[in-house]
There are 2 protein chains.
Amino acid sequence: MPTIHDVAKKAGVAPITVSRVINNSGYVSDHVRTKVNAVIDELGYVPNVIARSLKSKRTNTIALVITDITNPFFNILARGVEDAAFKAGFNVIICNTDESQEQEDNYIQLLLQKRVDGILLVPAETHSQSIELLRKHNTPVVIIDRYVENGGVDVVRGDSESGAYQLTKFLIDLGHKRITLLSGPDTVSTSIDRVRGYKQAMCDHHLNEFVDYFYGKYSQESGAQLTREIFSRKEKPTAIFGGNNLVSIGALSALRQMGIKVPDDVAVVSFDDIPESLSYDPFMTVISQPPYAIGQKATEILVSRIKNDQDVPVEFQEVVFPVELIVRESSGGKVN
Amino acid sequence: MPTIHDVAKKAGVAPITVSRVINNSGYVSDHVRTKVNAVIDELGYVPNVIARSLKSKRTNTIALVITDITNPFFNILARGVEDAAFKAGFNVIICNTDESQEQEDNYIQLLLQKRVDGILLVPAETHSQSIELLRKHNTPVVIIDRYVENGGVDVVRGDSESGAYQLTKFLIDLGHKRITLLSGPDTVSTSIDRVRGYKQAMCDHHLNEFVDYFYGKYSQESGAQLTREIFSRKEKPTAIFGGNNLVSIGALSALRQMGIKVPDDVAVVSFDDIPESLSYDPFMTVISQPPYAIGQKATEILVSRIKNDQDVPVEFQEVVFPVELIVRESSGGKVN
DNA sequence: CTGTTAGCGCTTTCAA
DNA sequence: TTGAAAGCGCTAACAG
């Protein structure tokens, strides 16, 4: 693999001149430039950005640490990140933590070694020591989708609390009282916020006695299992609120297997939609967040942090995207 | 950010000794090792893999060049790649080409600059100049999901032709004659193979006169649009064969909008399933490929190529994963 | 407009 | 068991 020296020698110039041609920096006569370019083509020279990074201390790479690229919310978000990063001249490394703090720590360590210019992080837990570590190493971070207890970071997320409130209120307005929320892990801010929004709505409508929620996982299996458990109890809910799209799908699967009709026997609503491109017959009433925009916005903030590296730490921002209630069939009509 | 020199100075040893401690290579006395480790912790030293890469000429990074991470087939595949790569000590950079040859070329150039150790490529077109370029630079490549005209590469893919044959034959056995195939781009081997399998099945059952297929895109929009066009013709099909899952979903959407009932008015079958975790009520009859396993296998091959770099080029392999017919409701029952 | 020197952070010789 | 020197490929800083 030819280096800048090989090109220089063959073109009869100094390496720095080749560097100038490659980077379009400084003065190079047209004559020399043409000559050098010819040799570059001839040799198939490709600049080594590793060497460049070693000097410049910039890798033009950012990392996206998410829980699972297989979840549509996150893969669309990843696409938003990728597109925005590419536009800004950055590459993206994606890491899946599966909600494991240990995996997250591993990856952060690895990314630090790789000297990525910045990190977009969906933290596994609300208290993130990763953030402190990154801060210590001056690696900019933007927290996505969730917030953390640590201060001094930018956060970009959807409004879980208000979304959960709206969705619950919608069910209450339909006449539901026994509404069961199947939330995610109790270590994650979105799960907690959704519970909070739900409780608030129940409380505001004097339904405290009916408050019924579970923390589980953000997965189809968790949704299915919790649903089966709930329906083995004496008191059955008239509505189920899935903590995210996978949970809701799990709930629907379980209900179908048990022969329980939606929305006739029980209403179902979901936080997070299923992407349009994957549903030929949209059925679920949902609160919809904009994952692509969230990824894009977070990346833009991260990039600006990277570029203003030396600046006085401008105030950190928390961007909360509004969410949208989309009413479809699964919530059914008025009750009683 | 501290370097190996800072650690060395503070520990009162030479940089190389620190290097030996970090890498567990060569002889270091327990006394010195303990001392050095203490300083490493104290300073929060993190090795710089860029400098290491510059020397070793290995980045421990591979790239996955796919069309779109948003497509469930590819994001599950990406997960298979990620998991296998991590196990082998490699990081993954994911690039989305959106089936554009130009984007693909851009990315290959970029990845070459980054000196990734190997590339997993879903080529946009059947004749790939990227492969020649990579070969010239001694960068191992494994082609995924599709094959190319160029020889001398490893390929890992599903059996499109046989799958399309099975799916078509299944419809024929149900009594269908007017079967329309909505395939993907005519520059892509999977589209071509699926047309070929379809034609062969039609031919084998003396239905040549009913052969009816279209090349389009592998997207929901394409599936929807082609479906609308087909149903505006005088002769309507009794069965639609979607070239991939997105196309099929698009077809189903369009049919629903036109008030055409599936499977009562028209049967629908699909190449590629919708992941279990995303469908609460599996409806489509499909040919199912194993994307996770494909990604995993391709990564394993790539890693072994990377490690045997200097070896005599062992024979290249083409791994073709068998596909599975899953019969569900959308194909309906016997016709006539 | 072009070239020389030096150094980014690490590791592979080769010596001690 | 430890260290000194050299160099991976590139580019600032400073000549010329």
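Here are a few notes on the DNA-facing surfaces and the nonpolar cores of this predicted model.

1. Ground rules. The model is predicted, so to speak on its own terms: local features need pLDDT of at least 70, side-chain atom pairs count only at pLDDT 80 or more, and totals for chains, interfaces and linings use all residues. Residues are numbered from 1 along each chain as its sequence is written, while chains are lettered from A and ligands numbered from 1 in the order in which they are written.

2. DNA strand C. It has 24 residues around it, with B:T3, B:I4, B:S19, B:N48 and B:A51 the closest (near: C-beta atom, placed from the backbone, within 6 Å). α2 (15-23) and α4 (49-56) of both chain A and chain B each give at least two residues to this surface, and α2(B) has the largest share, five residues. Helices here are DSSP runs of H or I, at least four residues, numbered from the N terminus.

3. DNA strand D. Two or more residues each come from α2 and α4 of chain A and of chain B; the largest share, five residues, belongs to α2(A).

4. The largest nonpolar core has 86 residues, and A:L120 and B:L120 have the most contacts inside it. A core means buried Ala, Val, Leu, Ile, Met, Phe, Trp, Tyr and Cys joined through C-beta atoms within 7 Å; buried means 20 or more other C-beta atoms within 10 Å of the residue's own, all placed from the backbone.

5. The other core. Apart from that one lies a core of 84 residues, including A:A239, B:L181, B:L255 and B:V262.

Notes
Buried ≥ 20, exposed ≤ 12 C-beta atoms within 10 Å, placed from the backbone.
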